[in-house]
Amino acid sequence: MFLETEIENTLQTGSIEVICGSMFSGKTEELIRRLNKAKFAKLKAAVFKPKTDNRYDDQQVVSHDANTVKSKAVDSALEILDFVTKIDVVAIDEVQFFSEEIVDVCKTLANKNKRVILAGLDMDFLGNPFGSMPQLLAIAEHVTKVHAVCSDCGKMASHSFRFSNNKNLIELGQKEEYKPLCRGCFKTNLK
Ligand SMILES: [Zn+2]
């Protein structure tokens, strides 16, 4: 699929990988898949997520197929630097919710020879770039876009459409309020 060998070859020098896409696109599943491989390679991994995401359990990254990995919820991106001294692989889920300091934190981690794996939404519910995702995509060595299936027409979906009128971006956690749509159906639904 993607260049896994290439990704693994960059281990010694540190690197940044981004897994991005809409809601229901399997970002967290892909993050967990990479973490399991790292574990198999006897690498020490730690998983972080912002405290704003409390959908299920504050102590876990929870993916849709209930394949779970323990994570630490942190108040700010800078806090991550306190926990990674003996860690080889630093994974961050829901990375779009961190404030802009996340960009420097990821650079610092990669420059300390850590493999940084980020998962997050590339666009908000209006179809605009989400938070610091554009910067993170720019500084990453590897970018993987994953896709959902359009719930209206069955084509490849890249947009997260919100049913309610609430304009609070942070609420992009409540899954039941959203459906994945392709560009065409997103345009139609917004009208
Ligand atoms: Zn569609």
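The model is a predicted one.

The protein has five helices and twelve strands. It counts 191 residues, and 48% of them are buried. Now look at contacts between residues at least 6 apart in sequence. Of these, 72% join residues at least 24 apart. Keep that in mind, as several of the details below also link separate stretches of the chain.

Turn next to the zinc ion. Which residues coordinate the zinc ion? Four cysteines do: Cys-150, Cys-153, Cys-182 and Cys-185. Each one uses its SG atom, and the distances run from 2.3 to 2.4 Å. The spacing of the donors along the chain reads C-x2-C-x28-C-x2-C. Cys-153 and Cys-185 show how the site links distant parts of the chain, as they are 32 residues apart. Cys-153 sits in the loop between strand S9 (148-149) and strand S10 (156-157). Cys-185 belongs to helix H5, which covers residues 183-190.

Why is the arrangement around the zinc ion called tetrahedral? The angles between the four donor atoms run from 101 to 118 degrees, which makes it so. To count as tetrahedral, all angles must lie between 85 and 135 degrees. For four tetrahedral donors, the ideal angle at a metal is 109.5 degrees.

Cys-153 has 39% relative accessibility, so it counts as partly exposed. Cys-185 has 15%, so it counts as buried. The cut-off for buried is under 20%.

Now move to helix H3, residues 102-111. Its buried residues are Ile-102, Val-103, Val-105, Cys-106, Leu-109 and Ala-110. Their arc around the axis is only 165 degrees, so they lie on the same side of H3. An α-helix has 3.6 residues a turn, so residues three or four places apart point the same way. What do the buried residues of H3 pack against? Their partners are strand S1 (15-21), strand S6 (89-92), strand S7 (115-121) and helix H4 (133-139).

After H3 comes Asn-113, and its phi is positive, near 70 degrees. Most residues other than glycine have a negative phi. Lys-42 also has a positive phi, near 65 degrees. Lys-42 lies in the loop between helix H2 (27-40) and strand S2 (45-50). With 74% relative accessibility, Lys-42 counts as exposed. Glu-94 has a positive phi as well, near 55 degrees. Its loop runs between S6 and H3. Glu-94 counts as buried, because its relative accessibility is 9%.

How many aromatic pairs does a search of the whole structure find? It finds four. One of them joins Phe-97 and Phe-130. Their ring centres are 5.7 Å apart and their planes meet at 85 degrees, so the pair is edge-to-face. Phe-97 is in the loop between S6 and H3, while Phe-130 is in the loop between S7 and H4. The pair therefore ties together parts that are 33 residues apart in sequence. Phe-97 is buried, at 13% relative accessible area. Phe-130 is buried too, at 5%.

Another edge-to-face pair is made by Phe-161 and Phe-163. Here the centres are 6.1 Å apart, and the planes stand at 85 degrees. Phe-161 is buried, with 10% relative accessibility. Phe-163 is partly exposed, with a relative accessible area of 48%.

A charge meets a ring elsewhere. Arg-162 lies over the face of Phe-125, at 3.8 Å from the ring centre.

Finish back in helix H5, the helix that holds Cys-185. Lys-187 is also found in H5. Lys-187 counts as exposed, at 56% relative accessibility.

Key. Residues numbered from 1 in each chain as written. Predicted model: local features only at pLDDT ≥ 70, side-chain atom pairs only at ≥ 80, totals over all residues. Heavy atoms only, no water. Donors = N, O, S within 2.8 Å, 3.2 Å for Na, K, Ca; no water. Tetrahedral: all angles 85-135°; square planar, octahedral: opposite > 155°, others 65-115°. Helix = DSSP H or I, 4+ residues; strand = E, 2+ residues; numbered from the N terminus. Buried < 20%, exposed > 50% of the residue type's maximum accessible area, 1.4 Å probe, protein only. Arc of directions from axis to C-beta. Contact = heavy atoms within 4.5 Å. Phe/Tyr/Trp six-rings, centres within 6.5 Å; stacked < 30°, edge-to-face > 60°. Lys NZ or Arg CZ within 6 Å of the ring centre and 35° of its normal.
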